[in-house]
Structure formats: structure tokens, C-alpha cells
Amino acid sequence: MADRPRDLAERMARRRKPAAGSDGPVGDGYLRESFTLPRPAARARAQAFFARYPKAGYMSEVETWRELPGGDIEFTMRRLPSAD
């Protein structure tokens with residue numbers, strides 16, 4: 001029976017399993033850590049993250065961030081599990 005592309009995509013999505021240690025989209029391979037800190041501490045945490053997991057080796061980045069009403073910064077750092 002010929003399925004629509006949408007039917008095939010939905011079937012495949014149901015079969016996917018979460019990647020180990022990932023709290024992000026299912027199976028994308030990235031590891032994520034989320035933080036809520038005051039601005040200076042958030043900046044220091046991000047710098048420490050990039051020092052430990054360099055962008056070139058781990059494809060590290062600040063995935064999302066926002067300033068909360070109290071002035072704290074909520075952000076998510078993303079990286080690959082290991083460098084080549």
C-alpha cells in the first residue's frame with residue numbers, strides 16, 4: 001500500500017528512541033545543560049563550558065538564552081558527546 005510521505009515520517013518518528021544523556025530533541029546526538037544564573041555567573045559558566053568543550057572539537061554553542069524578569073539569565077549549552 002502506498003503511504004503518503006507524512007505517514008512514513010510519523011511512523012519513523014514513533015520508532016525513534018531518545019539519545020543517551022540528551023534532554024533535547026529525540027536522537028539529535030547533542031548533550032545539553034541548562035542553567036539559570038545571574039548575568040556575571042552565567043557569563044563565567046559559559047566561558048568555562050567553552051574552555052572545557054572547545055567549539056571546534058565539540059561543536060559547542062549557547063543554544064538558547066533569555067533574560068528573566070529578575071535579571072537572571074536562563075540558557076542552554078549544547079555540545080557533541082566527544083571530539084574526534
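Biologist: Leucine 68 first. What does it touch, leaving out residues up to four places away in sequence?
Modeller: Leucine 68 touches Thr36 and Glu74. Bear in mind that this is a predicted model.

Biologist: Where does leucine 68 lie?
Modeller: In the loop between strand 2 and strand 3.

Biologist: And threonine 36, how many residues apart are the two along the chain?
Modeller: Leucine 68 and threonine 36 are 32 residues apart along the chain, with 8.9 Å between their C-alpha atoms.

Biologist: Back up a bit. In what order do the elements run from the N terminus?
Modeller: The order is α-β-α-α-β-β, so to speak three helices and three strands.

Biologist: How much of the chain is buried?
Modeller: Buried residues account for 23% of the 84 residues. The accessible surface is about 6300 Å², and carbon and sulfur atoms hold 54% of that.

Biologist: What about contacts between residues at least 6 apart in sequence, what share joins residues at least 24 apart?
Modeller: That share is 47%.

Biologist: Which residues make up the largest nonpolar core?
Modeller: There are 10 of them: Phe35, Leu37, Ala42, Ala46, Phe49, Tyr53, Tyr58, Ile73, Phe75 and Met77. At least two residues of this core come from each of strand 1 (31-37), helix 2 (39-52) and strand 3 (73-79).

Biologist: Now pockets. What is the volume of the largest one?
Modeller: About 190 Å³. Its lining consists of Arg39, Ala42, Arg43, Ala46, Val62, Trp65, Ile73 and Phe75.

Biologist: Which element gives the largest share of that lining?
Modeller: Helix 2, with four residues. Strand 2 (61-67) and strand 3 each supply at least two, as helix 2 does.

Biologist: How many of the lining residues are nonpolar, polar or charged?
Modeller: Six are nonpolar and two are charged, with no polar ones.

Biologist: Where is the place of methionine 59?
Modeller: Methionine 59 sits in the loop between helix 3 (55-58) and strand 2.

Definitions and conventions
Residues numbered from 1 in each chain as written. Predicted model: local features only at pLDDT ≥ 70, side-chain atom pairs only at ≥ 80, totals over all residues. Heavy atoms only, no water. Buried < 20%, exposed > 50% of the residue type's maximum accessible area, 1.4 Å probe, protein only. Contact = heavy atoms within 4.5 Å. Areas by Shrake-Rupley, 256 points an atom, 1.4 Å probe, with all protein chains shown as cover. Core = buried A, V, L, I, M, F, W, Y, C linked by side-chain atoms within 4.5 Å. 1 Å grid on protein atoms, 1.4 Å probe; cavity = no way out; pocket = protein on both sides within 12 Å on 5 of 7 lines; lining within 4 Å. Points joined across faces, edges and corners; volume = space filled by probe spheres on them. Nonpolar A, V, L, I, M, F, W, Y, C, P; charged D, E, K, R; others polar.
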